[in-house]
Amino acid sequence: MNTPSTLAPQLGAARRWRPTPLITGSAALHAGAAAALLAQPSTWPWAVGGVIASHLALAAAGLWPRSALLGPNWTRLPRAVDGSDDRRIALTIDDGPDPEVTPRVLDLLDQHGARATFFCIGDLARRHPRYVEEIVARGHAVENHSQRHRHNFSISGPSALRREIEAAQRTLTEITGMRPYFFRAPAGLRNPFLEPVLCEFGLQLASWTRRGFDTREHDGHKVAQRLLDGLAPRDILLLHDGHAARGPSGNPVVLDALPEVLRAAAMAKLRWTTLRDALDLDLDLAPATVNTAANPAVNPAATDSRQAERPRQPAGLPGRNGAGHPPFDKI
Ligand SMILES: [Zn+2]
């Protein structure tokens, strides 16, 4: 279902990590502070102050979901290769699958002929694999939103980040038969250790252009308006099928907001695409996506081909069940 472009064989392949100017500058400042302390110990207040300032800058960059200061980050779809008037936009749906909400979201998308990208949580996918299979069977994409969606994800070290991401890669690949190519951090929060881990797995970080805050907002119309205000081609929108807030009627608010968003996009003659399919048109990717250096020693899976990947057929949706969810962030 995904037509590879000339760049596509590099998708999912391990690539070399390229530190951003902020990270390079921070490293240089640390080295400079150490050298200054050795040469002239009395400069310690300046050295310590500089190091603290650089850590604050890195932390601030990690708390800004749409920032590219720590590494490449999709906040909009790439431009069309041929410069055509590309009317594509992307809907991303996070924190599922949810036995109650996901099937209803899929029905709404079908009714409007829309395709979406679902950032699934590995543990939930393992618990409800048939919903994940159904997502793929209906023409949507499944991407990596970590295995457990832990509150402490953004303050985790490289090993913990790698465990979360690798577990979700394995879970989602086993269920769908297709390897995720995009990663979205829980709550969009991260730290400087994330990008090197994403490089190992050939994953591209994706955030959004605007979000509806549908895990907190109880008014579906307000959620829709947040997404539609200034809506333009190449926008990436964020909604949730997991952790959905409830409207006054008790309905998950995403189900109230989504029809309005889908109708407005149709009126504006915008077309829905998945993130991975948007790559087909692109020659202007984030540098780390283009400048890949496949390293099978780091990621043996990097050597397989997209052609070998095929979505699994759904086994049919089970009836609703009352399985409780583990604790999550509500973003
Ligand atoms: Zn989330």
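Guide: I175 is buried, since 24 other C-beta atoms lie within 10 Å; a residue counts as buried with 20 or more other C-beta atoms within 10 Å of its own, as exposed with 12 or fewer, and as partly exposed in between, with C-beta atoms placed from the backbone. The model is predicted, so local features need pLDDT of at least 70 and side-chain atom pairs count only at pLDDT 80 or more, whereas totals for chains, interfaces and linings use all residues. Residues are numbered from 1 along each chain as its sequence is written.

I175 belongs to helix α6, residues 158-176; helices are DSSP runs of H or I with at least four residues, numbered from the N terminus. Neighbours within four places in sequence aside, I175 is in contact with A125, P129, V132 and E133, contact being C-beta atoms, placed from the backbone, within 7 Å. V136 is 39 residues away from I175 along the chain, and their C-alpha atoms are 9.9 Å apart.

A125 and V132 are also among the residues touched by C120, as are G96, P97, V142, H145 and L172, not counting residues up to four places away in sequence. C120 is in turn one of the residues with the most contacts inside the largest nonpolar core, together with A90, L237 and V254. Such a core is a set of buried Ala, Val, Leu, Ile, Met, Phe, Trp, Tyr and Cys residues joined through C-beta atoms within 7 Å.

Definitions and conventions
Contact = placed C-beta atoms within 7 Å. Helix = DSSP H or I, 4+ residues; strand = E, 2+ residues; numbered from the N terminus.
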